[in-house]
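Please look over the sequence and the fold shown here before reading on. The briefing that follows takes up a sheet, the helices beside it and a few backbone details.

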Amino acid sequence: MLAFECDYLEGAHEQILKRLMETNYEKQPGYGSDKYCESAKAKIRKACGCPDADIYFLVGGTQTNATVIAGMLQDYEGVVAVKTGHVNVHEAGAIEYTGHKVLTVPSHNGKMHADELDEMLSTFWQDPNHDHMVFPGMVYISHPTEYGTLYSRQELMEISEICRKFQIPLYLDGARLGYGLMSRSTDVTLQDIAGYCDVFYIGGTKVGALCGEAVVFPNNNAPRHFFAIVKQHGAMLAKGRLTGIQFDTLFTDDLYFEISAHAINMAEELKAGFAKRGYSFYLDSPTNQQFVILSNKEIDKLQKEVSFDMWDKVDEEHTVVRFATSWATRKEDIKALMDLLDKKDNIES
């Protein structure tokens, strides 16, 4: 069975597993106070160009989003996200569970437009009854988005300027950040993100780690007692060395960027293969997520040998499906998928 439904199907990169084994019997203090967490933080600060950054290692993406958002908001505030944003659609109401509402603006292939954000925030503050409403307390975006699309440096700058105009923080969800940074179509660097965002996280779970995300407050601006907030939200490992060793390995010799580039190369091969065979795409994604339009008959037959993610319905006979590559995708996997598409007795247009 070929598998393309997401980018965290495999365990972890072999260099991470090797380091975990090598250090397994070392005695290290817990809760992120070990030497590997400190080493990883130093490497991440250097990569971000932020020598004073506060960095915390959390267990997963949903826990990270819920913890960061709740930790930065007042009780009466909500977070602004696009309608298709991960925190609004795919986290089982985790943000609302913390007592904060997700306030939505329109989505444009997964992205937020600065002018619509400006209009939303202006409308709120101009409303004489705004004291009776949920206050927009921060802005959430993801890069790449749920649709594999990317913000340009100009778009990030414009959204950042709106946030600073209204004096609210900008938070970037980087669950797939490596795949965005290594896209062939981006002009955004890790240093740009650190400059435009008040907080962001570097995804490990989907980019080569067993688990874990690195939250970065680039300007020594973490909320007071954020360590305690992380614990309250169940997002901290007692054996913090596990995340520390993983990120220390990922940020040694540019491994994080190397394996992310591999996923992009595999996605480009997959995209070219589908295009060569006449398939249409829902949108032009420059990252590791590719959205292909298939007939429902094709889906039924292909699913017998390939796993992929169902996305949006196009019409009664066609559906958008997602194929995701990862740091571990092999050329042989792409070839095997293309061979299946070429078997007319298995796949009918």
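**Sheet, helix pair and backbone details**

Through four residues, a hairpin connects β12 to β13, where strands (E, at least two residues) and helices (H or I, at least four) are DSSP runs numbered from the N terminus. The model is predicted, with pLDDT of at least 70 required for local features and 80 or more for side-chain atom pairs, while totals for chains, interfaces and linings use all residues. Residues are numbered from 1 along each chain as its sequence is written, and side-chain values use heavy atoms, leaving out hydrogens and water.

**The sheet**

- An open sheet is formed by four strands in the order β9-β10-β13-β12, with antiparallel pairing; two strands pair if DSSP finds at least two bridges between them.
- Its edge strands, each pairing on one side only, are β9 (280-281) and β12 (309-313).
- β12 and β13 (residues 318-324) run antiparallel and are joined by four bridges, and among the bridge partners in β13 are V320 for D312 and V321 for M310.

**Helix α12 and its packing**

- α12 has 22 residues and reaches 32 Å from its first C-alpha to its last, close to the 32 Å expected at 1.5 Å a residue, the expected span being 1.5 Å times one less than the number of residues.
- Helix α12 (residues 255-276) lies across β9, β10 (289-295) and β13, running at about 20° to β10; axes are lines fitted to C-alpha atoms, for helices over the stretch in contact, and angles run from 0 to 180 degrees between N-to-C directions.
- α12 packs with helix α14 (residues 331-342) at an angle of about 10°, and their axes are 10 Å apart.
- The two helices α12 and α14 are therefore roughly parallel to each other, a term that covers angles under 35 degrees.
- In this pair, M266, E269, L270, G273 and F274 of α12 meet K331, I334, L337, M338 and L341 of α14, where contact means heavy atoms within 4.5 Å.
- By class, the contact of α12 with α14 has seven nonpolar, one polar and two charged residues; Ala, Val, Leu, Ile, Met, Phe, Trp, Tyr, Cys and Pro count as nonpolar, Asp, Glu, Lys and Arg as charged, and the others, Gly among them, as polar.

**Backbone details**

- Just after α12, G278 takes a positive phi of about 85°.
- H225, although not a glycine, has a positive phi of about 55°, and H225 is found in the loop between β8 (213-217) and α10 (226-232).
- The peptide bond from H143 to P144 is cis, with omega near 0°, and P144 is found in the loop between β5 (135-142) and α7 (153-165).

Key
Angles under 35 degrees count as roughly parallel, over 145 as roughly antiparallel, 65 to 115 as roughly perpendicular and the rest as oblique.
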